[in-house]
There are 2 protein chains.
Amino acid sequence: MKYLITGISGFVGGHYLEYLALKRPGVKIVGIDLSRPDTSFLNKSFREKIKFHKGSLLDKKLITNVIKKTKPDYIINLASYSSVAYSWRHPAECFVNNTNIFLNLAEAVRNSKSKAKILSVGSSEEYGIVAPANIPLTEKSGLNPANPYAIARVAQENLSKIYSDGYRMPVICTRSFNHIGPRQKDIFVVSSFAKQIAEGKLLGRKKIICGNLGIIRDFIDVRDVVRSYDLLLRKGKPGEAYNVCSGEGHKLSEILAMLQKKAGTKLPVQIDRDLIRPVDNPEIVGSCKKLKRHVAFRKEYTLSRSLEDMLAHWEKRMR
Amino acid sequence: MKYLITGISGFVGGHYLEYLALKRPGVKIVGIDLSRPDTSFLNKSFREKIKFHKGSLLDKKLITNVIKKTKPDYIINLASYSSVAYSWRHPAECFVNNTNIFLNLAEAVRNSKSKAKILSVGSSEEYGIVAPANIPLTEKSGLNPANPYAIARVAQENLSKIYSDGYRMPVICTRSFNHIGPRQKDIFVVSSFAKQIAEGKLLGRKKIICGNLGIIRDFIDVRDVVRSYDLLLRKGKPGEAYNVCSGEGHKLSEILAMLQKKAGTKLPVQIDRDLIRPVDNPEIVGSCKKLKRHVAFRKEYTLSRSLEDMLAHWEKRMR
């Protein structure tokens, strides 16, 4: 079995590698990204068999050659411009690049007559502004994308259906909810909390800077995410979209309190108005019933465990 | 008042010019297209004041310069790759070009701080596969685009909402249904019928070649289309999408019979299997209630009148 992972050097890519090293050590892996992945957390023999191509998915020639040469069985498309804030500042660039990344990949597969299964990773952002009555969001909930990034994700999902239904290519789509887990960058809220609390415990930080603590989100551990992706590739229905989420909603204030309790800190909180989005959903929680029903997904990481591992990650880096 | 019309040399562009010449002879007009428009049907003084830029909307520099120089009040975006069949053969090209055409225009307007009102022309194809229970289609009906062309149109409409709501640019969207009218190319079904019947009457053609005569469509005269576009630009709500349709469904067999009766022919019909689409909606009819309510649109061309004018157009060309 051969995997092609685009965006392999990112947060999810690293965890996918770790998952494969542990659960499918026999597979072959080809990766593409703009920079070489950090694989220091993998054992040497597994690390050495990852074949890496440096470059962009916007480079049609590169992706066409990689598909032709490597003949992958599974393709996981993690490459994207994934910042909503950036998409507001550069709407055309974000939309064009994200849709081109997907189309270049899909066309390379179509033109090479590859039979590879493709996982098209989308986002809960596709749901857009959500009425509380529609929580939890199911795959039948309407898509009302409310920023340029989300519109590109909806287009990608619609195009995936076309490749699947019209060209008979097995493309499976996700609508992935907020990720958490060790090694996540501190531009993401929970990782930022964990880092600041670790700084409070170890480096003398005196307060936590945060945005709106009242919003409710559905956080899923990245290790559950990559496991669900692998299940979807093997058992998911082509042409279908799946929520990848925990099915649980947690208020940010609750998560912050859990982290402080685990770290034994009682740092005061300071709200930074710049961290509050002008328009935001008070609550986003997904239903993962379809994921459970179609591919027998069961969540393995509790919120408590995820938070402990994130704290431990930051504390280790500070020591 | 200054109009910028992209795709000015096409079927709708020509009728828009004719409408402006008749109803708003004082306006200034700037046009862009790949080839110079045929304006032989306009009076000389109106024809001479149309400023034409030859080029593609895919050329960012061109459109940016045109917007900066001409400072239009109204922009009608008719430029597109509009063949569904072509979009199946070249999905990436069709999707990328159609969305880039719109984005290049929208970004040029945004970056020049122009206050121009933009009409973003979309298609009834955005509704995709439609259940008979959902006829007539209202603007609240779900969008399930089922070909690459339609997916690009949905993305364009979603992006229009972003430019309107997020960047405060007045963009008004249409979902335009099947057009008919004189000068329409014979690759479109009703114009093909009219041409073949005129050939039967004048040139001795013995039979009519056609596809599935059982499907029901909502045909609106192109002269009503351009009038509704002008109403929408002046009175439509930014960020909203409007069905541009007649609100009436007619079976193709009925239209064929009407044309034969008007021409005094009784040509036999031969079904060409190549003209039947593998997947097609049995019935597509729109509701134009929103168009009526918001901009006081009233249809001026009956189906009978449209068909007479189409027959007359072809007969004139054959004489």
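# Briefing: strands, helices and the chain contact

In chain B, B:Tyr74 has B:Lys117 of β5(B) as its bridge partner. The model that shows this pairing is predicted.

**Strand β4 of chain B**

- Strand β4(B) covers residues 74–77, and B:Tyr74 and B:Ile76 point to one side of it while B:Ile75 and B:Asn77 point to the other.
- These residues are all buried, whichever way they point.
- In a regular strand, side chains alternate between the two faces of the sheet.
- β4(B) pairs with β5(B) in the parallel sense, over 4 bridges.
- β4(B) also pairs with strand β1 (residues 2–6) of chain B, again in the parallel sense and over 4 bridges.

**Chain A as a whole**

- Chain A contains 11 helices and 14 strands.
- The radius of gyration of chain A is 19 Å, close to the 20 Å that the globule rule gives for 319 residues, so chain A is as compact as a globular protein of that length.
- Along the principal axes, the C-alpha atoms of chain A fill a box of roughly 60 × 50 × 40 Å.
- Of the 319 residues in chain A, 48% count as buried.
- When contacts in chain A between residues at least 6 apart in sequence are considered, 81% of them join residues at least 24 apart.

**Helix α7 of chain A**

- The 14 residues of α7(A) should span 20 Å at 1.5 Å a residue, and the end C-alpha atoms are 20 Å apart, which agrees.
- Is α7(A) largely enclosed or largely open? It is largely enclosed by the rest of the structure, because 10 of its 14 residues are buried.
- The buried residues of α7(A) include A:Val189, A:Val190, A:Phe193 and A:Ile197, and also A:Lys195 and A:Gln196.
- Among the elements that cover these buried residues are β7 (178–180), β8 (208–210) and β10 (219–221) of chain A, along with the helices α9 and α11.
- After α7(A) comes A:Gly204, which has a positive phi near 85 degrees.

**Helix α9 of chain A**

- Helix α9(A) runs over residues 252–263; its 12 residues should span 16 Å at 1.5 Å a residue, and its end C-alpha atoms are 17 Å apart, which agrees.
- Which residues of α9(A) are buried? They are A:Ile255, A:Leu256, A:Leu259 and A:Ala263.
- Those residues lie on the same side of α9(A), because they cover an arc of only 100 degrees around the axis.
- An α-helix has 3.6 residues a turn, so residues three or four places apart point the same way.
- On the face of α9(A) turned away from the buried side are the exposed residues A:Ala257 and A:Lys261.
- The cover over the buried residues of α9(A) includes α7 (189–202), β12 (250–251) and α11 (303–318) of chain A.
- α9(A) is followed by A:Gly264, with a positive phi near 70 degrees.

**Contact between chains A and B**

- Chain A gives 19 residues to the contact, and chain B gives 19 residues.
- On the side of chain A that touches chain B, the elements giving two or more residues are α5 (91–111) and α6 (148–165) of chain A.
- Of the elements on this side, α5(A) gives the most, with 8 residues.
- By class, this side of chain A has 13 nonpolar, 5 polar and 1 charged residues.

**Cis peptide bonds**

- In chain A, the peptide bond between A:Ile135 and A:Pro136 is cis, with omega about 0 degrees.
- A:Pro136 is located in the loop between β5 (117–123) and α6 of chain A.
- In chain B, a cis peptide bond runs from B:Ile135 to B:Pro136, with omega near 0 degrees.
- B:Pro136 sits in the loop between β5 (117–123) and α6 (148–165) of chain B.

**Positive phi in residues other than glycine**

- B:Lys113 is a residue other than glycine, yet its phi is positive, near 55 degrees.
- B:Lys113 is found in the loop between α5 (91–111) and β5 of chain B.
- Is B:Lys113 buried or exposed? It counts as exposed, because 7 other C-beta atoms lie within 10 Å and the cut-off for exposed is 12 or fewer.
- B:Ala296 is not a glycine either, and its phi is positive at about 55 degrees.
- B:Ala296 lies in the loop between α10 (289–295) and α11 (303–318) of chain B.
- B:Ala296 counts as exposed because it has 9 C-beta neighbours inside 10 Å.

Methods
Residues numbered from 1 in each chain as written. Chains lettered and ligands numbered in written order. Predicted model: local features only at pLDDT ≥ 70, side-chain atom pairs only at ≥ 80, totals over all residues. Contact = placed C-beta atoms within 7 Å. Nonpolar A, V, L, I, M, F, W, Y, C, P; charged D, E, K, R; others polar. Buried ≥ 20, exposed ≤ 12 C-beta atoms within 10 Å, placed from the backbone. Expected span 1.5 Å × (residues − 1). Arc of directions from axis to C-beta. Pairing = 2+ DSSP bridges. Rg over C-alpha atoms; globule rule 2.2 N^0.38 Å.
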